[in-house]
Amino acid sequence: MASEIPTSPATHRFAKTMKSKIMAISAARKIAYEILRRVDSEGAYASDLLHAELGTNVKPEDAALATEIVLGVLRWQRLLDSLLDKHMKKPVARLDLPVTIALRIGIYQLRFLDRIPASAAVNESVELVKKARKTSAATLVNAVLRRVASEAKEPAEKLIPPTGDLADRLGLVHAHPRWMVEHWLARFGEAETLALLVANNRTPRLSCAMHDNSEREEIFGDLKRAGLRIEPGILLRSSFAVGGGSPARTAVFRAGKISIQDEASQIIPLLLDVQPGDRVLDLCAAPGGKTPPLVRGAGESGMVVAGERHAHRLRGMREQFKRLNFSRVRLIQIDAEKQLPFQARFDRILVDAPCSGTGTLARHPEIKWRLNAGQLAEFHRLQCSLLANALEMLAPGGRLVYSTCSMEPEENENVVEEVLKLREDIFRVDRESAAEALRGFLVEGIDANSLFGGDGFFRTRPGLQNADGFFAAVLEKAKAMR
């Protein structure tokens, strides 16, 4: 294989000589390479690794380039591999992982980053394989990327293999799995599917939640002094987006005055319309971003219980709530697939269920290459169990919100319909009250009813609202039980 290192004495001497000639590699590309390696080999999420690696010791320009390369390579992986395969005897995905990653990093820069000289993109990819002790592949990487560079500005449609299959063609050009595109074409049609594919490959807005609107001027002032640009929220008055840097590096973030959170995600807890004194249950609560509005709504006279199955995610929530200076949250480790252990019922319950995450592909593009169609049925079974168990703990007259960040009906309306099938006389979908609860939070000009479909369910879509794709069902329990 091109990535094998022969073991003859002469080759060892050659490899030693080549190692001594390894040129400097930029910090951004080193970071990008290592994160992409871990995403592939460890199943880690790029956003978590970027947050951990890009500390204050990394220059802002290096952090920006590393982020661009990592997320860009993951967003466009299928197209990049197809373009590389044209020039190779073996598919790029079957090479040794260090070689695969170096080739993807190189071709992404050549096709998508005009500000990067082609020589830098090619040469540093070669250096990356040398650094990974795959010196024998250096010639391959150099030759393939130089061929790719000559066609880097050609439209992808001219370079990919011809196919009459619409799902396959769209999946190649816009770098999505064929099954996913086929799924969306059947549901949304070609025009809406195309808008969704394009949105998933755009860099999403970096939205933030403001925890106290009365501190708006102080918060914005601190962010501007840190060199960040501020844009108003698209949906929520308490939301805003930033550019030009990371809000996580600012004093107001460290002080717990803001959190990084997509606008659609910020809306979900508001649908519960939590009132002072309410008993609130937040199931599947990690990482804890939807819990703060529940705590503020319940006030000092209320109670919020946040449950999570995994101990390490509970630890992360404790750190999050420590930053936010929240002490009125009861954190418990709980498996919500089983019968819930509470004696008293709750006035408000949020079931933010584990899901495929297909509404967040712009933020988490690695999901495209991990998910398969068969997993939707697995998520469906899990979500039905979570919702059924949670409904048992809802007090008469109480409200429950079932939500996902998925675009798939198997995880959304199909779950609600199946669980409510035998409970229709007890629970109902309540669109009117939920829309009314949102009106005071929305940006002027946004009609709350426009966020709900004719079936009463709340939905956002990346191609429409410039936010993540979320689904929510607002369910109310009858006050008088039969």
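This is a predicted model: local features need pLDDT of at least 70, side-chain atom pairs count only at pLDDT 80 or more; totals for chains, interfaces and linings use all residues.
**The antiparallel sheet**

An open sheet is built from four strands, arranged in the order β2-β3-β1-β4 with antiparallel pairing. The edge positions belong to β2 (229-232) and β4 (258-260); each has a single partner strand, so one side of each lacks a neighbour in the sheet. From one strand to the next, the twist averages 35°. Within this sheet, β1 (residues 206-210) and β3 (residues 239-243) are joined by four bridges in the antiparallel sense. In this pairing Ala-209 is placed opposite Ser-239 of β3.

Two helices lie across strands of this sheet. Helix α13 (residues 216-225) lies across β1, β2, β3 and β4, and its direction is at about 10° to β3. Helix α15 (residues 263-270) lies across β1 and β3, running at about 30° to β1.

**Strand β8 and its partners**

Strand β8 (residues 346-352) is largely enclosed by the rest of the structure, because six of its seven residues are buried. β8 pairs in parallel with β5 (residues 279-283) through four bridges, and Val-280 stands opposite Arg-348 in β8. β8 also pairs with β9 (residues 394-404), again in the parallel sense, over six bridges. There Phe-346 faces Leu-394 of β9.

| Strand pair | Sense | Bridges |
|---|---|---|
| β1 and β3 | antiparallel | four bridges |
| β5 and β8 | parallel | four bridges |
| β8 and β9 | parallel | six bridges |

Two packed helices are described by the angle between their axes and the distance between the axes. For helix α2 (residues 27-42) and α4, the axes come within 8 Å and cross at roughly 35°. This crossing of α2 and α4 is right-handed. On the α2 side, the contact is made by Ala-27, Ala-28, Arg-29, Ile-31, Ala-32, Ile-35, Leu-36 and Val-39. On the α4 side, the contributing residues are Asp-62, Leu-65, Ala-66, Ile-69, Val-70, Val-73 and Leu-74.

Arg-75 is also part of α4 (residues 60-75). Arg-75 is buried but has no salt bridge. The nearest side chain of opposite charge is that of Glu-68, 5.7 Å away, whereas a salt bridge requires a nitrogen–oxygen separation within 4 Å. Leaving aside residues up to four places away in sequence, Arg-75 touches Ala-175, Asn-200, Asn-201, Arg-202, Thr-203, Pro-204, Ala-362, Pro-365, Lys-368 and Trp-369.

Methods. Residues are numbered from 1 along each chain as its sequence is written. Side-chain values use heavy atoms; hydrogens and water are left out. Two strands pair if DSSP finds at least two bridges between them. Axes are lines fitted to C-alpha atoms, for helices over the stretch in contact, and angles run from 0 to 180 degrees between N-to-C directions. Contact means heavy atoms within 4.5 Å. Buried means under 20% relative accessible area, exposed over 50%, partly exposed in between (1.4 Å probe, protein chains only). Lys and Arg count as positive and Asp and Glu as negative; His and the chain ends are not counted. A crossing is left-handed if the near helix is turned anticlockwise from the far one by less than a right angle, and right-handed if clockwise.
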